[in-house]
Amino acid sequence: MKTISARQTGIIVFLTILANKILVLPSILYKSSDADSIFVMLTLFLIEFLILLVFLKLKKNYPNQTFLNILQEKLGKIIAKTIIFVFLVFFLFKTMLTYSVLFVYLKDLVYQDEFGFLALICLIPVINHAAAIGLRSMSRTFEMFYYLVVVGIVFCLAIAFFTDITMPMLFVAPVSSMFSSAWKCLFAFGDYLVLFIFIDRITIKKGEAKKVMLFALVGIIFVLAIFTIFYSKYQLTSFMHNNALADLLVFSVQFNAIGRLDIVAMLTIMTLGLFQLEIFHTAFCDCFVMVFSKLSIKYAIVVFDILFAVIYLVLIAKYEVMIDLASNILPYLAILTSYLLPILFYALSFKHKSEVKDEKDS
Amino acid sequence: MKKILNAIERYPFIIVLVIILLFFTPYALFSPGESRRRAIVLAIGLDRVDDEYEISFLTFIPKPNQEFEQSNSVVSGKGSSVSEAVLDAQLTLGKDIGLSHAKTTVVNEKMLEEDVSSSLDYLSRVISLPENTVFVCTNTSAKELLMATDSLEKNLGLKLDQLISYNANEVYITDTSLEAFYKGYYSPHKSSLIGFIEHVKEESSGGGSGQGSSDSGAQNAGGQSGGQSGGEQAGSSNAGSSGGGSAVASSSGGGSSGGDEASQNEGEKQRGSLEGQSQILNKADAVVLREGKKVAKLDVDNLNSINLLSEKRSLDSITVENVKCECGKTVDMTFLLKNKQVAIQTDFQNGIPIFIANVSIGVQLTEIDTKGQEIKQNAQSTKISDEIASAIEKKIRSEFARMLKILRDSKADVINVYDEFYRGNRKNFEKFLSSLNDKEDYLNNITFMLNMKIRQDG
């Protein structure tokens, strides 16, 4: 089986951590809990980090088994497939949200006229291809572009320091609004869940778990840095800026006179968005194949395309509806997938004494 | 053929690629150019004329030429709302408008009689006017200012946003952008500061020979031919550089009261012209807005006093009159204020908030007005005596008090006193605010302490 290394796993973690958090989320959270949203993010990241530890423990105890096998072994076929199906829905909506946020950013900067169909036929074949070629080839591509993405983000952050920034006022929002913020951004989290789906194709040698954690830490630091600098720069008008990373670079009179630097942010965000879509799409396809074991990945891709087109273009249709869905309805799904199920997985990560004995005997 | 079919079977994405190409290639080939469909707007002017809004767009006209000269034109539309005015302008233009490149937004003073944010809302929220656009106010008509801006660029090679950026970097305490306006607007004190560009219309175009010496200085600074005084050519001159130079000379010395007044103003820095009929005067003035309405106007001295509280802004100079120099004679001295060190503190004494600014200023003597007396003294080696330091301090304090009175009267906190107290003494400040009958009038109830240290620099 074609597996990916710990480094490539780390890069996937890094990319998914940045998904849906660096464009519109800072603005949405500012509306409800001002700059104190940084603390909300910090808390949720801490919880998320625990989920990564759960994954690493599960991987350690079940190094070669697929996620479906692990679940089937412990919970039975029906419950296992139900859980995978829940993940399938989760990743479908994750892809939609990521696409939606990316599309609106591109619409603001490139398209001007709303032409969703064009964006869709540009992106869908690419992410379909990524899902078809498999995780290993995809991860190698991520590895190649990793430093480009890092440099792009660091550049956007660094440029912000050349403009007037002041530390935002903290401890202003009431606790209730912090909970409200946490609820709104729940669906933007659940980043490490893709790892559970890819668990059998990940090779983590002894001592390499730290590498994965390091990439996760870099991703978390980047997101928190973007939040902090964004709030420091815009403060009270943060709610007006829907593209945080790009706006760090763009909205300054000083740089207005130089010319347009937003091409750097545009390239970084487009690369990141594309990679994130590929990861979530691949996770969806893997879940599909696990649930419908008799169907191949080609069917998964076709089903994804149809579902995406019907749900996104026909039912959701607008970015505002998607954001509303992600901040009000989908958090219920996120509670299940990102918090309750990982607790179950933690319980599953412990092996029964008889299992350990069997392994030793064999 | 079989090989091709095999290849397609192996790589089905080729079919997708071919379908995309088949679908979009004719579409792309037969679509009209984007510039035919969409006008690139470089600046926006918003005026209130009677009960109507008039919006003007300085648009870039893409056309081939060999002179590397940008061709712009001003198109305007009117309507009972901003959105209607925009539609009207689009109809006039025969194109949609694209605001991504709009770097300047100008409103006339009449727009600031009511909350200007409601007028700007449609532009920034619906049709994506970038918030980093320079946001300034003018005294007459924003449309005419845009027309003069076009001429300014042709004659002086200077764009309005560049001119304002200079002010923003050197004179204003904040950017004078739409973003900075909104920052102030949404703050608890609801106050913002935006740039003010004076636009002077000439009533007659003749009489260019009577200009003062300061005028020609200004022309030279603008890169024009100071020796030209061809006022008689002004009416016919259009875009040529020499014609433009004449036009500046004509309009600046043209005998109208506005021009004469402007030529005497020390703060004047740049001038542009509109076919000998109008000119842009950048005196680095600013307008204070509260809740989107104009409440006060600040001159460059007021702004320098505000800048006393900021280390970043350094283009200040001060003239103290009637001080004794080393030789014992009474003269006027001009000093450059350099290397400011500022520390802001907030404190409460007996429940009274005290805003303390500890400012250490380096001064450098740059000029001595001897008032016709013969003095043999090197300005650079002159020591700053206690008497001179005290005179400088007195002058700075009086300017600061003048600026503070304007801000107190207008209840406009553009010096961020609220933020300083909120950061430094949050609980006490909230208690203090709740004790006030008019919470917005907190500036009048705060004691300001200016601790200054004058030192010789350079």
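How many helices and strands are there in chain A? Chain A has 17 helices and 0 strands, where helices (H or I, at least four residues) and strands (E, at least two) are DSSP runs numbered from the N terminus.

This is a predicted model, in which local features need pLDDT of at least 70 and side-chain atom pairs count only at pLDDT 80 or more, while totals for chains, interfaces and linings use all residues. Residues are numbered from 1 along each chain as its sequence is written, and chains are lettered from A and ligands numbered from 1 in the order in which they are written.

**Chain A as a whole**

| Property of chain A | Value |
|---|---|
| Box filled by the C-alpha atoms, along the principal axes | roughly 70 × 40 × 40 Å |
| Buried share of the 362 residues | 48% |
| Share of contacts with a separation of 6 or more that join residues 24 or more positions apart | 87% |

A residue is buried if 20 or more other C-beta atoms lie within 10 Å of its own, exposed if 12 or fewer, and partly exposed in between, with C-beta atoms placed from the backbone. Two residues are in contact if those C-beta atoms lie within 7 Å.

Let's look at a pair of helices in chain A. Helix H6 (residues 116–133) and helix H13 (residues 262–291) of chain A pack with their axes 9 Å apart, at an angle of about 55°. Axes are lines fitted to C-alpha atoms, for helices over the stretch in contact, and angles run from 0 to 180 degrees between N-to-C directions. H6(A) and H13(A) are therefore oblique to each other, since angles under 35 degrees count as roughly parallel, over 145 as roughly antiparallel, 65 to 115 as roughly perpendicular and the rest as oblique. Where they meet, H6(A) brings residues including A:Leu123 and A:Ile127, and H13(A) brings residues including A:Leu274 and A:Glu278.

**A buried loop residue**

Where does A:Asn243 lie? It is in the loop between helix H10 (209–234) and helix H11 (244–250) of chain A. A:Asn243 is buried because 24 other C-beta atoms lie within 10 Å. Not counting residues up to four places away in sequence, A:Asn243 touches A:Leu23, A:Tyr105 and A:Asp108. A:Asn243 and A:Leu102 are 141 residues apart in sequence, yet 9.5 Å apart in space, C-alpha to C-alpha.

**A covered helix in chain B**

In chain B, helix H8 (residues 178–185) is mostly covered, with 8 of its 8 residues buried. Among them are B:Phe181 and B:Tyr185. The buried residues of H8(B) pack against helix H5 (116–126) and strands E5 (104–108), E6 (134–138) and E7 (191–201) of chain B.
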